[in-house]
Amino acid sequence: MTDFRNLSGKFAIVGVAESDELGTLPHKSALQLHMEAARNAIADAGLKKSDIDGVFSAGRQMSTETAEYMGLRPRYIDGTMVGGCSFLHHVQHAMAAINAGLCEVALITHGESGRSRLAMPNMSAPKDSLLWQFEVPYGIVFPFTAYGFIATRHMHEYGTTQEQLAEVAVATRAWARLNPKANQRGPLTVDDVMKSPVLAWPFHVLDCCLVTDGGGACIVTSAERAKDLKKKPVYILGTGEGMGHCWINQMPDFTAATGATISGPQAFAMSGVTRKDIDVAMFYDAFTITPILALEDLGFCKKGEGGAFIAGQRTAPGGDFPMNTNGGGLSYAHTGMYGMFIILEAVRQVRGECGERQVKDAEVALAHGLGGIFSAAATMILANAPQA
Amino acid sequence: MADLKHLAPTPTPETKPFWEGAKRHELMLPRCKSCGKHHFYPRSDCPFCWSNDLEWVKASGKGKLHTFSIPQRPIMGIPGPFIAAIVELEEGPRIATNLIGVDPDPKNLRCDMEVEVVFDDLTDTVSLPKFRPVSKSA
Ligand SMILES: [Zn+2]
């Protein structure tokens, strides 16, 4: 068995793209969004359809459906489906598969008609499921209810405030204002967030992510194969995955992303970089509480100090901790399984392709996603060179 | 009261004694005879030590409001605002539930406040355990 640290720098992300459009797309099925993103990512990489021999896909009842729609017959198929961070898990799984010689060019796709609900698989829970038996009859159905549990307990134990939560939305919007692809680009203040209607206490509407349609895709291959492709490779220095629970009633600690405490240390150990080396951080932000826990559980601040860390617009453009520079799930796009988009932005920041929102001299980026309600987690560290 | 019959779950073999207990207005928990721990939701085997030597015991019905959120609009026919909650039972396990018998206003609620079980007869065959604040006079 090889030491997992030997995987560092041996693989690269060589293509990234969104679907042709993002937003409200009642004229496009979820599968079309997968297709568009895949076509655009393969073009971004300078590869051809026939180069793809691994397909990684989530969000369909069967992952083979995505490959079938695209007319692909890969020799490696991975349908890992753990919620919004599935695509970060796919990257690690693709590394393992490529390392084992089981595929060479891995296509990871996402497409979701989150808003328009066109050709979406039926994911509703049967009445004898754990979800229906122990959560649904209590109206614990939508993510805002369950994420609210976490914010409430964090506020209780650590004195985190609704104003601090609002700061996350405000800083993220400031980045979105610099991203032409962002869905929400108007000015936003803490006061605006606090005065927006309460959706589920302690969350205001503006503490909650968007619901949009869209797709994204990325291509992973070996560092060797990456060398002579169209774009400068973005090397994968470290990856990790983990989980704490599946359903919210089983969350081991309502103030901590247990999965991140497993995925984070492995990703950092593999990468050989420290927290100080991270130039830009992309954290899943389904709700304003989400990046606060990521900051704590990935070790950027002490447990309970995430709210204070974020205060004073430290993560906004011009702050010393650039975070969620695409405008996040809060202001750029959130299809339901947003994780693909944090990969795209982390890659683009390291490539230096981000225009007005480009973080100066960004060499090392961290991407961290969660799936479900802080259930699964995956962390990835990317860089412009195979060694930090 | 809203008609919420459509919310009634269908028990599975390992959860049936729990739902039968709820019908009798008893909160039943599985306890492991090997390691002594209670767990919830009910499983076929103890999630702590993997023993399948389990017994059903009646819980005290007392616990603490571990955390909550307050959706403002109706969900699945449940009129809003309502209190979605996680209660930590005296025996240790936590349970997702609703807090009732108190206005759904955060001013009236605080994490770790004492609560006790009450049963909501949803249909002829299904009763849901819910919780209410323990009254100070009691
Ligand atoms: Zn046991």
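## A loop serine, the zinc site and the chain interface

In this predicted model, B:Ser51 has its place in the loop between strands E1 and E2 of chain B. B:Ser51 is buried, because its relative accessible area of 13% falls under the 20% that sets the limit for that class. Its side chain reaches the backbone nitrogen of B:Asp53 at 3.0 Å. When neighbours within four places in sequence are left aside, B:Ser51 is in contact with B:Cys32, B:Ser34, B:Asp45 and B:Cys46, and among these residues B:Cys32 and B:Cys46 are also protein donors of the zinc ion.

The zinc ion has as its protein donors the SG atoms of B:Cys32, B:Cys35, B:Cys46 and B:Cys49, which lie 2.3 to 2.4 Å from the metal. Along the chain, the donors follow the spacing C-x2-C-x10-C-x2-C. B:Cys32, in strand E1 (residues 28–32) of chain B, and B:Cys49, in the loop between E1 and strand E2 (54–58), form a pair that links distant parts of the chain, 17 residues apart. The angles that the four donor atoms subtend around the zinc ion run from 100 to 119°, and the arrangement is therefore tetrahedral, since all of them lie between 85 and 135 degrees.

| Residue | Relative accessible area | Class |
|---|---|---|
| B:Cys32 | 1% | buried |
| B:Ser51 | 13% | buried |
| B:Cys49 | 33% | partly exposed |

Turning to the contact between the chains, 30 residues from chain A and 38 residues from chain B take part. Between them, chain A and chain B bury about 3000 Å², with 64% of that area on carbon and sulfur atoms. On the side of chain A, A:Phe134, A:Tyr138 and A:Trp201 supply 24% of the area buried against chain B, which is more than any other three residues.

The polar part of the interface comprises 21 residue pairs in polar contact, both residues being at pLDDT 80 or more. Across the interface the rule finds one salt bridge, and the side chains of B:Asp112 and A:Arg153 meet in a salt bridge with an N to O distance of 3.0 Å. The elements of chain A that give two or more residues to the side touching chain B are helix H4 (130–134), helix H5 (143–158) and strand E5 (198–201); H5(A) gives the most, with seven residues.

Conventions
Residues numbered from 1 in each chain as written. Chains lettered and ligands numbered in written order. Predicted model: local features only at pLDDT ≥ 70, side-chain atom pairs only at ≥ 80, totals over all residues. Heavy atoms only, no water. Donors = N, O, S within 2.8 Å, 3.2 Å for Na, K, Ca; no water. Tetrahedral: all angles 85-135°; square planar, octahedral: opposite > 155°, others 65-115°. Helix = DSSP H or I, 4+ residues; strand = E, 2+ residues; numbered from the N terminus. Buried < 20%, exposed > 50% of the residue type's maximum accessible area, 1.4 Å probe, protein only. Contact = heavy atoms within 4.5 Å. Buried area = accessible area lost by both parts, 1.4 Å probe. Salt bridge = Lys/Arg side-chain N within 4 Å of Asp/Glu carboxyl O. Polar contact = N/O pair within 3.5 Å; in protein donor to acceptor, adjacent residues only side chain to side chain.
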